[in-house]
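Student: Hello! Could you walk me through this structure one question at a time?

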Amino acid sequence: MRLMRIDLSGQRALVTGGARGIGAAAAAALRACGAEVAIADLKGDPPVDVADTVALERAFEQAGELDIVIANAGTAIFRRLEETSDAEWRRLVDINLTGAFHTVRLAALRMKPRRRGAIVLTASTNSFDGEADLTAYNATKAGLLGLMRTAANELGPFGIRVNAVCPGLIRTDLTAGHFAQPELLKEYFRHIPLGRGGTPEEVAAAIVFLASPLASYITGAALLVDGGQMAAKFGIWDERMGRFAGDHWESGGSPSTTA
Ligand SMILES: NC(=O)c1ccc[n+]([C@@H]2O[C@H](COP(=O)([O-])OP(=O)(O)OC[C@H]3O[C@@H](n4cnc5c(N)ncnc54)[C@H](O)[C@@H]3O)[C@@H](O)[C@H]2O)c1
């Protein structure tokens, strides 16, 4: 077998939410693999709101023919269920779910005639489980997997693969509040086999893999990028196994207690 490496030279990509965080890391990683990358972002130039169909369509037109589309733009509102207003619910659905729908629909319209393409959505571990105070966010992230799987069914016959990454807690602007609280992280990361949060680059690597020819037989898949969080039923880490070093657990003691 030849040395496997990801070569996306000659391919064009569009990343929504590509100005910051996971999207920016994905854009950089795609570029590092040789792709030409455009972004559509509220903080981009020009600003593009994925909830605005006209602005998003313009961004697609400017990007030209696309081989790879990453539907990543998203945000969160932390609110108790009964305190979530209609306006907050609608805004979250508009950005996280309808924005992704618009993105995937525009990608499909452009990729179908070319009979090729790869689409990756950024869902979440919260697509699968509940986390208090994130009703609207969790509902949109669960919805994304329905969108992804349906699109995989419809677009597979046209040579277009559709997959999702499901990150756990990743250090970005969105989660700056979490990462500013070591005590919270200590409890949170007890439940993560790898004992830490993730980096945008670690999610970007999974996005690039799914978008690349290395994933040529993968469609309709939701790839967890969570340090094992969703595989853990109970807390993994405690003081007998190691110590919490500010933002991660590190093992100490004998291998029998750390294995
Ligand atoms: N950080 C995490 O722990 C985590 C975990 C799971 C899933 N995610 C998902 O990853 C995606 C990226 O999040 P992040 O952590 O990188 O956040 P971030 O806030 O660092 O970056 C989000 C980017 O999306 C852009 N954006 C937000 N709303 C937009 C809109 N309406 N139109 C266009 N662009 C918009 C922002 O300007 C920003 O550049 C989101 O869908 C988020 O839900 C994040």
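Tutor: Gladly, and a definition comes before anything else: helices (H or I, at least four residues) and strands (E, at least two) are DSSP runs, numbered from the N terminus. This is a predicted model, in which local features need pLDDT of at least 70 and side-chain atom pairs count only at pLDDT 80 or more, while totals for chains, interfaces and linings use all residues. Residues are numbered from 1 along each chain as its sequence is written, and side-chain values use heavy atoms, with hydrogens and water left out.

Student: In which loop is P46 found?

Tutor: Begin with the peptide bond that joins D45 and P46, which is cis, with omega at about 5 degrees. As for its place in the chain, P46 is in the loop between β2 (36-40) and α2 (53-63).

Student: Which loop holds R115?

Tutor: R115 is not a glycine, yet it has a positive phi of about 55 degrees. Look for R115 in the loop between α3 and β4 (117-122).

Student: Where does the ligand sit?

Tutor: We need some terms here. On a 1 Å grid over the protein atoms alone, a cavity is a set of points where a 1.4 Å probe fits but cannot get out, and a pocket is an open set with protein on both sides within 12 Å along at least five of seven lines; lining residues have an atom within 4 Å of a point. A molecule sits in one of these if more than half of its atoms lie within 2 Å of its grid points. By that rule, the ligand sits in the largest pocket.

Student: Which elements give two or more residues to the shell around the ligand?

Tutor: Sorted by class, that shell has 13 nonpolar, nine polar and six charged residues. Here Ala, Val, Leu, Ile, Met, Phe, Trp, Tyr, Cys and Pro count as nonpolar, Asp, Glu, Lys and Arg as charged, and the others, Gly among them, as polar. The elements you asked for are α1 (21-32) and α4 (135-155).

Student: How far is an oxygen atom of the ligand from an N or O atom in the side chain of D41?

Tutor: A polar contact is a pair of N or O atoms within 3.5 Å; within protein, one must be able to donate a hydrogen and the other to accept it, and residues adjacent in sequence count only if both atoms are side-chain atoms. A polar side-chain atom of K141 lies 2.9 Å from an oxygen atom of the ligand, and a backbone N or O atom of N72 lies 2.8 Å from a ligand oxygen. For the side chain of D41, the distance is 2.6 Å.

Student: Which element gives the most to the lining of the largest pocket?

Tutor: The lining residues divide into 17 nonpolar, 15 polar and seven charged. Helices α1, α3 (86-111) and α4 each supply at least two of the lining residues. The one that gives the most, with three residues, is α1.

Student: How much space lies in the largest cavity?

Tutor: Grid points are joined across faces, edges and corners, and a volume is the space filled by probe spheres set on the points. The structure holds two cavities of 30 Å³ or more. The largest cavity has N72 and K141 among its lining residues, and α3 supplies the largest share of that lining, five residues. The space in the largest cavity is about 50 Å³.

Student: What is the volume of the second largest cavity?

Tutor: Its lining includes I77, R79 and Y137, and divides into three nonpolar, two polar and two charged residues. The largest share of this lining, three residues, comes from α4. The volume of the second largest cavity is about 40 Å³.
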